[in-house]
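Take a moment with the sequence and the 3D view below. Then follow the chain of steps through the model, one element at a time.

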Amino acid sequence: MAMESPHIRGEMYDAAEFEDVIRKYKIHGVPKIVINETIEFLGAQPERAFLSHVMKAAQSPDGQK
Amino acid sequence: MPLLAKEDQDFIRKKFEQELEGDVTLVLFRSGGSKLTIPGRPEQRGADYSDETEELLHDLEELSPKIKVQVYSMYADKDMVERFQIDRTPAIAFLSNEKDVGIRFFGIPSGYEFGALLEDIIDVSKGKNRLSASTKTQLASIEKDVVIKVFTTPT
């Protein structure tokens, strides 16, 4: 998705290396996906479900959780 | 000594030969200095896996003429750190035709992440991704910045 749109950045984190990340995002099960700090979901999801999360993040006004 | 086992190197070299098209540059941001220290100027070893990640990327560079690696220091190369918006190390960014493709790997890419790294190298090299046409249409409508963070741990 990052390749497709210049507005999208994709970041992969090896959470085990970063204590602060485990704490901040409460990583218990992996993979965990967080979009724009607000939308969270667990597990590999099919493309359509994933896309709906991304579109929701892209459409929500700034500052809204 | 390379990090990748001989069988893995052979497998990956072949895969790259078959699948890579354009050049891909892997940009590494690391703690401490580069592994290639200048005699008389010993750099402090990073407290993270920067050394191993650098070695891994150089291993990959050996496996195809289409892969280039650039190494920057979090401490010394502040302008690059800012340009790529890096806040932790080791971090890998991807360049295709000198353009930041918007992909980052934080931490040494091992286990599942390594597979994802290889797939990303191939996709970026092809300039193609695996998304459906309808997904691409919807993504094209996005005007706001979206940062997708994926957290994994090696199994």
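Which residue takes a positive phi in the hairpin of strand 3 of chain B and strand 4 of chain B? It is B:Asn97, with a phi near 50 degrees. The hairpin has 2 residues between its strands. Keep in mind that this is a predicted model.

Strand 3 of chain B pairs with strand 4 of chain B in the antiparallel sense, over 5 bridges. One pair to find is B:Ala91, which stands opposite B:Phe106 in strand 4 of chain B. Strand 4 covers residues 99-106 of chain B. Of its 8 residues, 6 are buried, so strand 4 of chain B is largely enclosed by the rest of the structure.

Strand 3 of chain B, residues 91-96, also pairs with strand 1 of chain B, residues 24-30. This pairing is antiparallel too, and it has 5 bridges. Look for B:Thr25: its bridge partner is B:Leu95 in strand 3 of chain B.

Next, step back to the whole sheet. How many strands form it? There are 8, and the sheet is open. Their order is 3(A)-2(A)-5(B)-1(A)-4(B)-3(B)-1(B)-2(B), with mixed pairing. From one strand to the next, the twist averages 20 degrees.

On one pairing, strand 1 of chain A runs parallel to strand 4 of chain B, and 4 bridges join them. Here A:Gly10 stands opposite B:Ile103 in strand 4 of chain B. Strand 1 of chain A also pairs in the parallel sense with strand 5 of chain B, residues 146-152, over 7 bridges. In this pairing A:Met12 stands opposite B:Val150.

The contact between the chains goes beyond single pairs. In total, 34 residues of chain A are in contact with 37 residues of chain B. Which elements of chain A give two or more residues to this side? They are strand 1 (8-14), helix 1 (19-25), strand 2 (32-35) and helix 2 (47-59). Strand 1 of chain A gives the most, with 7 residues. By type, the residues on the chain A side divide into 23 nonpolar, 4 polar and 7 charged.

B:Ser73 is found in strand 2 of chain B. Is B:Ser73 buried or exposed? B:Ser73 counts as buried, because it has 20 C-beta neighbours inside 10 Å. B:Ser73 and B:Thr89 are 16 residues apart in sequence, and their C-alpha atoms are 9.3 Å apart in space.

Finish with chain B as a whole. It has 5 helices and 5 strands. From the N terminus on, its elements run α-β-α-β-α-β-β-α-α-β. Chain B has 155 residues, and 33% of them count as buried. Take the contacts in chain B with a separation of 6 or more: residues 24 or more positions apart account for 64% of these.

Definitions and conventions: Residues numbered from 1 in each chain as written. Chains lettered and ligands numbered in written order. Predicted model: local features only at pLDDT ≥ 70, side-chain atom pairs only at ≥ 80, totals over all residues. Pairing = 2+ DSSP bridges. Axes fitted to C-alpha atoms, helices over the stretch in contact; angles between N-to-C directions. Contact = placed C-beta atoms within 7 Å. Nonpolar A, V, L, I, M, F, W, Y, C, P; charged D, E, K, R; others polar. Buried ≥ 20, exposed ≤ 12 C-beta atoms within 10 Å, placed from the backbone.
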